[in-house]
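Here is a short briefing to read with the model open beside you.

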Amino acid sequence: MKWITGVTIFVFSLTLVAKTTMSYRERKKQIDGKITLVLDIKEQLKLEPEIGKTSIETIRTQVEETYRTGNRLEIEKTLSIAEGDLLVTQRKLCFPMEESANGLYQKAMGQWILLEGEDKSGAKPLEWDTKEKIQRYLVMAKSEKDHAKEYFLSGNYQLSLHTYKRSLVYSLMSLRSQKVEIPEEYQTADSVWVQPIWMGLHKQKQNTIQEN
């Protein structure tokens, strides 16, 4: 009977450890995703996240080292601190992202108003599919930045940042479709975020033309 009880306790302990390990693994995975997004925005837009004395790179290093070599208490403490720091970082980063998304959208819309005027006057006629593409990107850019604001107000800062980023991408796609020079402060983001998408779309279009 004692043997059965011992085995039961042992199996229960293994199950508990497995669940705890999985929990830590999932928490670290979420932290890694948040850090990746913050660093991506920081690098492409040259925005410096404000998180007090601890840099985002330091948080990443601490999490990696503790997760690899620390005991359970150390891991729990490091993950909890990282989660708190990242929450503050993401919230603060939403403000300049909102400003960037609004500013770039307004620029793209302003350029479109000028271009549309030239099209209507006959000074610079546009093909129908080009006009449709420009307008579609503008609609999507506005929709994404509006949704990003809603996510921010609900406290989902991770999704808010993702959505502000998508808004910027659509505004940049609109500017590209208008054949307007990309503002200097967005050229890095354009080359990293938009260029691969742009090339993929044009390659797909070229393949379709060749097939027909």
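Predicted model: local features only at pLDDT ≥ 70, side-chain atom pairs only at ≥ 80, totals over all residues.

Residues are numbered from 1 along each chain as its sequence is written, and side-chain values use heavy atoms, with hydrogens and water left out.

**Overall fold**

- The protein has six helices and zero strands, where helices (H or I, at least four residues) and strands (E, at least two) are DSSP runs numbered from the N terminus.
- Along the sequence this reads as α-α-α-α-α-α.
- Of its 212 residues, 35% are buried; buried means under 20% relative accessible area, exposed means over 50%, and partly exposed is in between (1.4 Å probe, protein chains only).

**Helix α4**

- Helix α4 covers residues 128–153, which is 26 residues.
- From first C-alpha to last, α4 reaches 38 Å, close to the 38 Å expected at 1.5 Å a residue; the expected span is 1.5 Å times one less than the number of residues.
- The buried residues in α4 are I134, Y137, L138, A141, E144, K145, A148 and F152.
- Just after α4, G155 takes a positive phi of about 90°.

- α4 and α5 pack at an angle of about 165° with their axes 8 Å apart; axes are lines fitted to C-alpha atoms, for helices over the stretch in contact, and angles run from 0 to 180 degrees between N-to-C directions.
- The two helices α4 and α5 are therefore roughly antiparallel (angles under 35 degrees count as roughly parallel, over 145 as roughly antiparallel, 65 to 115 as roughly perpendicular and the rest as oblique).
- α4 passes α5 in a left-handed crossing, meaning that the near helix is turned anticlockwise from the far one by less than a right angle, whereas clockwise would be right-handed.
- The contact of α4 with α5 involves 13 nonpolar, eight polar and five charged residues; Ala, Val, Leu, Ile, Met, Phe, Trp, Tyr, Cys and Pro count as nonpolar, Asp, Glu, Lys and Arg as charged, and the others, Gly among them, as polar.
- α3 and α4 pack at about 160°, with axes 10 Å apart, and are therefore roughly antiparallel.
- The crossing of α3 and α4 is left-handed.
- In the contact of α3 with α4, the residues divide into 12 nonpolar, two polar and eight charged.

**Salt bridges**

- Side chains of opposite charge can pair when their charged atoms come close.
- The count is 14 salt bridges, each being a side-chain nitrogen of Lys or Arg within 4 Å of a carboxyl oxygen of Asp or Glu.
- E144 pairs with R166, with the closest N and O atoms 3.4 Å apart.
- E144 lies in α4 and R166 in α5 (residues 157–177), so this pair ties together parts 22 residues apart in sequence.
- E144 is buried at 14% relative accessibility, and R166 is partly exposed at 35%.
- D190 meets R176 at 2.8 Å between the closest N and O atoms, linking helix α6 (residues 187–211) to α5 across 14 residues.
- Both D190 and R176 are buried.
- Salt bridges with shared partners join R27, E76 and E83 into one network.
- K120 and E116 form a salt bridge at 3.9 Å, N to O; they are four residues apart in helix α3 (residues 72–121), about one helical turn.
- K120 is exposed at 66% relative accessibility, while E116 is partly exposed at 23%.
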